Amino acid sequence: NKKVGKKKSLAKWRKLSSEERIKCMEAVEDWVKYKSEVKYRPHPITYLNGEMWNDEIPDQTISKDWKRQEAKDNFDDIFGL
């Protein structure tokens with residue numbers, strides 16, 4: 001859903017092998033689940049240049065609700081609530 005750097009991304013995409021393209025598309029779904037908010041997802045060219053489809057994706061989802069709960073938990077721990 002990030003529509004930036006289309007020209008560079010397309011050029012990089014065309015340079016990938018068929019195997020890399022398949023791995024890339026399979027991993028994108030996991031990245032979207034991991035980073036549910038678009039603003040935290042890498043730009044397409046960053047994803048492609050960094051070959052991020054080879055990276056391990058944590059099980060934990062980053063979302064506003066998760067951040068809010070983590071902040072509340074830390075607050076409660078610090079102040080003994």
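I take contact to mean heavy atoms within 4.5 Å. The model I am looking at is predicted.

Entry 1, overall make-up. I looked up the secondary structure and found four helices and zero strands. Reading from the N terminus, I get the order α-α-α-α. I noted that 22% of the 81 residues are buried. For the accessible surface I have about 6,400 Å², with 52% of that belonging to carbon and sulfur atoms.

I checked the length of α2, residues 18-34, against its end-to-end distance. At 1.5 Å a residue its 17 residues should span 24 Å, and I find the end C-alpha atoms 25 Å apart, so the two agree. I then listed the buried residues of α2: Cys-24, Ala-27, Trp-31 and Tyr-34. What covers them? I find that the cover includes α1 (6-15) and α3 (44-49).

I looked up the largest nonpolar core and found 10 residues, among them Leu-16, Leu-48 and Met-52. Both α2 and α3 supply at least two residues of this core. Which helix gives the most to it? I find that α2 does, with four residues. In soluble globular proteins, nonpolar side chains tend to be buried together.

Key. Residues are numbered from 1 along each chain as its sequence is written. This is a predicted model: local features need pLDDT of at least 70, side-chain atom pairs count only at pLDDT 80 or more; totals for chains, interfaces and linings use all residues. Side-chain values use heavy atoms; hydrogens and water are left out. The expected span of a helix is 1.5 Å times one less than its number of residues. Buried means under 20% relative accessible area, exposed over 50%, partly exposed in between (1.4 Å probe, protein chains only). A nonpolar core is a set of buried Ala, Val, Leu, Ile, Met, Phe, Trp, Tyr and Cys residues joined through side-chain atoms within 4.5 Å. Accessible areas come from the Shrake-Rupley method with a 1.4 Å probe; for residues, only the protein chains shown count as cover.
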